[in-house]
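Try each task before reading its solution.

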Amino acid sequence: MDAFQTVLRFAMNQKSTIGYSFMAIMTIGGERIFTMVSFQCPCNRKQNFSYGLTFLLGPAFVLLMLGFFFSTRMWRLLTGCCLNPLKLCPRRNRFGCLNILLRITVGSLVAPLMWLSVALLNGTFYECAVSGLEENIVVDLFCKNKTQSCRAELPRVPCSKSSLSKDDNLELLLMLRAQSQILGWCIIIFAAAAGLTGACYRNCRSQVSYLQLTFWRKYMEKEKEKFEVYATEYATKLADRNLKSFFENKDPEPFPFPNHTAWEEISSLYTFSRSEQYYSTLQRYVEQSNKENDEEKRPALEFKDEIEME
């Protein structure tokens with residue numbers, strides 16, 4: 001039992017790493033399925049480039065759109081912005097708004113970059129696309145010191161159907177694959193360097209210490225988990241109350257529920273301020289509401305005395 005709890009605790013602590021690993025495995029599997037099942041290079045100069053490029057960039061674009069679609073942060077920013085444009089830039093902080101949009105974009109780029117890296121390392125889509133280019137620079141690069149028929153047969157090389165010798169066909173295929181893999185590794189290296197640089201810059205600019213930042217992240221994870229539990233529980237209770245009132249033809253029992261203003265405030269994106277030690281919009285709303293209630297309940301005479309003492 002203790003061993004199981006240790007493994008479970010490790011998995012919970014490393015769930016981001018596990019999630020990215022699972023995404024990478026799914027990307028590799030998806031690329032292999034595309035290659036084996038649906039991809040067949042036409043080996044035609046007029047179609048190779050568009051066909052190969054579609055398979056290389058099409059899934060990446062779809063993954064980018066899905067990344068935006070499943071971004072909770074983006075929907076918190078955009079929901080209701082047509083009726084209230086100020087939601088896009090709360091407190092008129094344009095730099096903060098651009099920072100949030102940049103984070104949303106970076107998070108959505110993870111899956112597309114994985115796809116491009118895997119697809120380029122495999123090389124199949126790139127071989128088909130580049131072999132169909134008609135640019136003299138590209139053709140001269142591959143057909144240098146080769147027969148004149150190389151120019152005409154280059155689009156047929158990915159299918160191994162060219163009239164070139166077996167050695168020339170293999171040499172061209174290896175050149176195409178090498179270029180594709182070099183580009184794939186360039187994307188991986190650039191993404192890793194950009195990610196490390198971004199993480200270092202964000203931590204260097206952090207207004208809180210490392211341990212407090214760790215606590216903040218833990219708190220946000222737990223708040224999200226608990227919110228889903230409470231939302232499910234209260235939605236169930238409210239549904240039970242309404243159905244009971246409907247079927248029994250009785251007035252509904254009183255049910256405390258947050259108003260629209262409260263929902264609006266806790267749904268906004270939180271920006272940290274050193275003058276307020278809050279970790280989320282929910283905590284800020286709860287504590288500020290409690291302060292307002294305490295001030296309303298406080299006797300007027302006591303309040304005046306405190307001002308005089310100050």
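A pocket, on a 1 Å grid over the protein atoms alone, is an open set of points with protein on both sides within 12 Å along at least five of seven lines. Lining residues have an atom within 4 Å of a point. A volume is the space filled by probe spheres set on the points. The model is predicted: local features need pLDDT of at least 70, side-chain atom pairs count only at pLDDT 80 or more, and totals for chains, interfaces and linings use all residues. Residues are numbered from 1 along each chain as its sequence is written, and side-chain values use heavy atoms, without hydrogens and water.

**Exercise 1.** Describe the second largest pocket and its lining.

Solution. 
- Step 1: the volume is about 490 Å³.
- Step 2: 17 residues line this pocket, and Phe-227, Tyr-230, Tyr-234, Pro-258 and Trp-263 lie nearest its centre.
- Step 3: H11 (210–248), H12 (260–267) and H13 (281–297) each supply at least two lining residues. These helices are DSSP runs (H or I, at least four residues). H11 gives the most, nine residues.
- Step 4: the lining has 15 nonpolar, no polar and two charged residues.

**Exercise 2.** How do H3 and H7 pack?

Solution. 
- Step 1: the axes of H3 (48–69) and H7 (124–131) are 6 Å apart, at an angle of about 150 degrees.
- Step 2: H3 is therefore roughly antiparallel to H7 (angles over 145 degrees count as such).
- Step 3: contact means heavy atoms within 4.5 Å. Residues making the contact include Phe-49 and Leu-53 of H3, and Phe-125 and Cys-128 of H7.
- Step 4: the contact residues divide into eight nonpolar, three polar and no charged.

How values were computed:
1 Å grid on protein atoms, 1.4 Å probe; cavity = no way out; pocket = protein on both sides within 12 Å on 5 of 7 lines; lining within 4 Å. Nonpolar A, V, L, I, M, F, W, Y, C, P; charged D, E, K, R; others polar. Axes fitted to C-alpha atoms, helices over the stretch in contact; angles between N-to-C directions. Parallel < 35°, antiparallel > 145°, perpendicular 65-115°, else oblique.
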